[in-house]
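This briefing concerns the helical packing and aromatic contacts of the structure shown below. Please read the points alongside the sequence and the coordinates.

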Amino acid sequence: MGLFRHHHRHHTDTATTEANAEAAQEQDTFETHFLRYLRTFDGSKREFSEVEALFNQLYDDDFYESKNDTLITKDQVKQSHTRLFELGSKVTLIHFKHKGANH
């Protein structure tokens, strides 16, 4: 599927974001998978195996990202997310922006 990127400095109306999330549930798109995965970061401690299928829908096996001249692989993202789930982390989506040739 591909990589998602998150942006922290933008703000949108929470009701609008929630309405968009509900509408996206009815479609099978990158955004649908992304929002479904984000909802698993609900503050509950969980094993990564509970969400691994959702994670794999977002990240291709050959995924990589360059961050500050460091190569980040899918396995490294998985390790990071595993730790976040162990801690019971919660994610709140503030802004979602399509980025690419068609957007």
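N56 is partly exposed, with a relative accessible area of 36%; buried means under 20% relative accessible area, exposed over 50% and partly exposed in between, with a 1.4 Å probe and protein chains only. This is a predicted model, in which local features need pLDDT of at least 70, side-chain atom pairs count only at pLDDT 80 or more, and totals for chains, interfaces and linings use all residues. Residues are numbered from 1 along each chain as its sequence is written, and side-chain values use heavy atoms, with hydrogens and water left out.

**Surroundings of N56**

- N56 belongs to helix α3 (residues 52-58); helices (H or I, at least four residues) and strands (E, at least two) are DSSP runs, numbered from the N terminus.
- The side chain of N56 makes a polar contact with that of K74, at 2.9 Å; such a contact is a pair of N or O atoms within 3.5 Å, and within protein one must be able to donate a hydrogen and the other to accept it, while residues adjacent in sequence count only if both atoms are side-chain atoms.
- From C-alpha to C-alpha, N56 and H33 lie 9.9 Å apart in space, with a separation of 23 residues in sequence.

**Helix α2**

- Helix α2 (residues 30-39) is largely enclosed by the rest of the structure, because 7 of its 10 residues are buried.
- The buried residues in α2 are E31, T32, H33, F34, L35, Y37 and L38.

**Helix α4**

- Helix α4 (residues 74-87) has 14 residues and reaches 20 Å from its first C-alpha to its last, close to the 20 Å expected at 1.5 Å a residue; the expected span is 1.5 Å times one less than the number of residues.
- K74, V77, H81 and F85 are buried in α4.
- Seen down the axis of α4, its buried residues fall within an arc of 75°, so they line one face of the helix; the arc is that of the directions from the helix axis to the C-beta atoms.
- D75 and Q79, on the other side of α4, are exposed.
- The buried residues of α4 pack against α2, α3 and β2 (70-73), where contact means heavy atoms within 4.5 Å.

**Aromatic pairs**

- The structure holds 10 aromatic pairs; rings of Phe, Tyr and Trp (its six-membered ring) pair if their centres lie within 6.5 Å, and planes under 30 degrees apart count as stacked, over 60 as edge-to-face and the rest as tilted.
- Y37 and F85 form an edge-to-face pair, 6.2 Å centre to centre with 75° between the planes.
- This pair links distant parts of the chain, with Y37 in helix α2 and F85 in helix α4, 48 residues apart.
- Both Y37 and F85 are buried.
- A cluster linked by ring pairs holds Y37, F41, F48, F55, Y59, F63 and F85.
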